[in-house]
Amino acid sequence: MYDLVIKNVNAYVGRRVEEGIDIGISDGKVASFSKNIKARRIIEGEGLFALPGLIDPHTHTVFAGNRSHEFALRAEGARYEDIARAGGGILATVKATRTVGKEVLYYLSKQRIYTAIEQGTTTMEIKSGYGLTQEAEFKMLEVINLLKTDMSDEIDIVPTFLAHAIDSDTDRVKYVNDIIRMLEKIKEKSLCEFVDVFMDVIAFNKDETERILTKAKELGFKLKLHADEIEDTSASILAAKMKAVSADHLLKASKQGLEELKESGTVPVLLPATAFFLKESAPDISYMRRLALDFAIGSDFNPGSSFILSQRWAGLMGIQLYNLTVQEAIDAITVNAAKAIDREDIGNLELGFKADVVIFKGNSLEEFFYNISFPVIKYILKHGRVIREYK
Ligand code: NIG
Ligand code: FE
């Protein structure tokens, strides 16, 4: 007796569309494709399409405050870097995040995560990085870990420490030393799985980034990097050299940078929603294809450069702004996104994978994006259980 069977459904299984199959689920996993199995619950899948639960491998979901005025300033022609240099940007959110207590931060973030779940996200990475001081970074990481525990029936949360910015009145060398000491305490308390650094012209330089990543690696953390977003700072080359799990943004990454990512197995994470909000143009997708790089897509949800917390929308932006095919966009928010957070049991509906499933009204893959205005999602399954059911 299976726990659940989805009957006669079109589904995306192992990077292929299968039509009219039965998916049997047991113990939270995809357990059978046989016809006529018995199960405690049956979902009639005719007219529906089953996708792996969506994975968002890059978010900044935990923060306080509101930067809508920066959006308005950009609409009048201001640039992201100029707003940041004038004390807006990340540092404005740092101020707002420092002033609230853990409970407020928890509540604000939880509401956002519910929104993501409703749009089909079943796994989400969340970064710290709006605290900067040890006290404030720990507050963020503790909130992320609390959400991870409290929401574990509905979503898997992957915590990341992010070295995000340097306060203008801080001594840079001292601050990097502080971060290195912070990492030791973060390790002692097991507060994160990944360490990420924003390496760019307005944040950490190459030497600072390398020092932080080297220490993080020594302590056993997995690595990510905000790489080559505003300018090509050879960050993707460093990500490859450090064997980072992912290198994210890559708007300005060089051909050499992409080649080295391929060589090291570092997953490129594209963030088209950010390019959309900052009116930037696409990275070198055709060269990524030439190299057969398996790229992922993240929402980069944050209060400044991307206010989208939907992988359905991020995938659509990949198609429209980065010229991805429908299948590339689906792979980027499922199977390749799993690789970007170093997971082997999600992002795919083959036998043995976790039964995190999004079932939407439609017969083909493309209808998921094409019908963007319509609430096509009918069921969301997490750990093999139905957690959302819509009309
Ligand atoms: O990934 N690039 C750096 N960090 C974020 C933006 C954060 C912010 O503006 O608050 C990003 O786009
Ligand atoms: Fe980011």
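L250 counts as buried, because 29 C-beta neighbours lie inside 10 Å of this residue and the threshold for buried is 20 or more. Bear in mind that this is a predicted model. L250 sits in the loop between β11 (246-249) and α9 (255-264). Its backbone deserves a mention: phi is near 65 degrees, a positive value in a residue other than glycine.

The other residue to look at is N36. N36 also is not a glycine, and its phi is positive, at about 65 degrees. You will find N36 in the loop that runs between β3 (29-32) and β4 (39-44). Is N36 buried or exposed? N36 has 7 C-beta neighbours inside 10 Å, so it counts as exposed; the limit for that class is 12 or fewer.

Where they meet, 18 residues of domain 1 contact 20 residues of domain 2. Which elements supply the side of domain 1 that touches domain 2? At least two residues each come from β5 (48-52), α15 (367-370), β15 (377-382) and β16 (385-389). The most come from β15, which gives three residues to that side of domain 1. By residue type, the side of domain 1 that touches domain 2 has 11 nonpolar residues, five charged and two polar.

That is what I have; questions are welcome.

Definitions and conventions:
Residues are numbered from 1 along each chain as its sequence is written. Chains are lettered from A and ligands numbered from 1 in the order in which they are written. This is a predicted model: local features need pLDDT of at least 70, side-chain atom pairs count only at pLDDT 80 or more; totals for chains, interfaces and linings use all residues. Two residues are in contact if their C-beta atoms, placed from the backbone, lie within 7 Å. Helices (H or I, at least four residues) and strands (E, at least two) are DSSP runs, numbered from the N terminus. Ala, Val, Leu, Ile, Met, Phe, Trp, Tyr, Cys and Pro count as nonpolar, Asp, Glu, Lys and Arg as charged, and the others, Gly among them, as polar.
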